[in-house]
Amino acid sequence: GVLRPLPMSSPHVHSVGIIKCMESPQKLNRHGSIEEIYRNFVLLAERNETVDFLDAEHDQKRSEKATSFATQFRVYDAQKQELPLEIRECDLYIVTGSPSSAYDQEEWIQHLEDFVRSADRIKHPLIGICFGHQIVAQALGGKVGKSGKGWGIGVHTYSWKKNSFRKIEHPWFSPRIDTVKAVASHQDQVIEMPPKAKLLAGSSFCPIGMFAVGEHIWTIQTHPEFTTEFAKDLYSLRSHRFADNEYKYAVESLNFQTDAGIVSHWIASFLLYHRKNQYCQTEKLHVIATGFRVVVMSTLMMLLCRRLGHFI
């Protein structure tokens with residue numbers, strides 16, 4: 001069911017909001033619902049030994065046990081216009097893929113764009129995957145269109161752009177790998193990034209494959225949450241849309257190892273990085289408030305003592 005917002009005072013419990021933009025085709029039900037697929041993907045990191053990230057304040061590598069935190073989920077059905085009433089309901093949002101196009105003139109898409117802009121406005125952590133990658137770009141001033149290169153299917157490889165791995169800006173991309181391999185399934189692409197976005201990675205087929213906005217948003221065009229078994233069944237279901245050679249290559253490429261586990265690791269690191277910062281900020285505010293109260297009480301006591309002194 002839907003979970004209530006988790007208290008900010010609990011640094012070891014994290015909430016992830018899944019902004020669901022599609023339903024899994026009935027013929028793929030054996031793989032679970034879309035929300036289950038995303039849950040399992042995010043929780044890949046918790047089944048690993050550690051989640052590594054860089055501490056921005058000390059600029060040094062740290063490692064925390066993935067089992068030292070619990071991740072809970074809320075699911076929002078964007079197509080039914082079910083979106084968070086308050087951005088801070090969850091610590092992190094993931095906008096999923098969708099068979100719809102970002103440029104479709106549908107009311108739910110317009111509301112989703114408003115939500116993305118609201119999250120960006122307060123620098124709230126958000127990740128976009130495939131359609132999510134595209135809707136974030138469009139909402140923040142970029143452009144999305146149908147690719148003249150046709151369908152992107154199979155395991156695709158993205159290469160990092162020069163200087164896109166600078167520690168201070170994106171400390172959660174750990175472990176570091178030379179390329180990012182993941183399952184793809186898209187016909188649309190981001191053809192122009194938002195003005196304030198930074199290109200992270202891409203390929204000749206999809207030049208804008210990953211981008212970031214500040215430290216609070218990052219997106220990817222591929223589907224790292226798709227298992228190869230799910231992708232194989234999905235391609236079979238949609239085989240009538242593909243050229244024979246495209247379909248054959250896509251299915252054969254599923255034998256290649258993907259970096260799904262590492263991307264899940266990055267999401268956990270991204271969440272931990274921002275959750276820790278939020279907790280530290282809350283603690284700092286608590287210390288400041290406590291100090292202020294002490295100063296006020298001391299001042300009042302001193303004034304009271306002086307006042308009483310006139311009557312002695």
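Predicted model: local features only at pLDDT ≥ 70, side-chain atom pairs only at ≥ 80, totals over all residues.
Once residues up to four places away in sequence are set aside, His156 touches Val180, Lys181, Ala182 and Ala184, together with Phe205 and Thr222.

## Overall make-up of the chain

The protein chain has a secondary structure of six helices and 13 strands. Of its 312 residues, 50% count as buried. When contacts between residues at least 6 apart in sequence are considered, 76% of them join residues that are at least 24 apart.

## Val16 in strand β1

Val16 lies in strand β1, which runs over residues 13-20, and with a relative accessibility of 1% Val16 counts as buried. Although Val16 and Asp91 are 75 residues apart along the chain, their C-alpha atoms are separated by 6.0 Å.

The contacts of Val16, not counting residues up to four places away in sequence, include Thr71, Gln72, Phe73 and Arg74, and they also take in Cys90, Leu92, Ile94 and Leu271.

## Glu113 in helix α2

Glu113 is placed in helix α2, formed by residues 107-121. What is the relative accessible area of Glu113, and is the residue buried or exposed? The value is 12%, and Glu113 is therefore buried, given that burial is assigned under 20%.

The side chain of Glu113 makes a polar contact with the side chain of Gln138, at 3.2 Å.

## Aromatic pairs and a cluster

The structure holds 15 aromatic pairs. One of them is formed by Tyr93 and Phe115, whose arrangement is edge-to-face, with 5.1 Å from centre to centre and 90° between the planes. Because Tyr93 lies in strand β5 (residues 92-95) and Phe115 in helix α2, this pair ties together parts that are 22 residues apart in sequence. Both Tyr93 and Phe115 are buried.

The rings of Tyr235 and Phe242 have centres 6.3 Å apart and planes at 85°, so this pair is edge-to-face; Tyr235 and Phe242 are both buried. Elsewhere, one aromatic cluster is formed by Trp160, Trp172, Phe173, Trp218, Trp266, Phe270 and Tyr273.

## The second largest pocket

The volume of the second largest pocket is about 320 Å³. Of the 23 residues that line this pocket, Ser98, Pro99, Trp151, Ser185 and Arg238 are the closest to its centre. Helix α3 (131-139), strand β9 (179-186) and helix α4 (228-237) are the elements that give two or more residues to the lining.

In terms of residue class, the lining of the second largest pocket divides into 10 nonpolar, nine polar and four charged residues.

## Backbone features in loops

A cis peptide bond, with omega of about 5°, joins Ser174 and Pro175, and Pro175 has its place in the loop between β8 and β9.

Which phi values are positive in residues other than glycine? Gln81, which is not a glycine, has a positive phi of about 60°; Gln81 is found in the loop between β4 (70-77) and β5, and its relative accessible area of 37% makes it partly exposed. Cys130, likewise a residue other than glycine, has a positive phi near 55° and lies in the loop between β6 (126-129) and α3. At 4% relative accessibility, Cys130 counts as buried, whereas Gln81 is partly exposed.

Key
Residues numbered from 1 in each chain as written. Heavy atoms only, no water. 1 Å grid on protein atoms, 1.4 Å probe; cavity = no way out; pocket = protein on both sides within 12 Å on 5 of 7 lines; lining within 4 Å. Points joined across faces, edges and corners; volume = space filled by probe spheres on them. Helix = DSSP H or I, 4+ residues; strand = E, 2+ residues; numbered from the N terminus. Nonpolar A, V, L, I, M, F, W, Y, C, P; charged D, E, K, R; others polar. Buried < 20%, exposed > 50% of the residue type's maximum accessible area, 1.4 Å probe, protein only. Polar contact = N/O pair within 3.5 Å; in protein donor to acceptor, adjacent residues only side chain to side chain. Phe/Tyr/Trp six-rings, centres within 6.5 Å; stacked < 30°, edge-to-face > 60°. Contact = heavy atoms within 4.5 Å.
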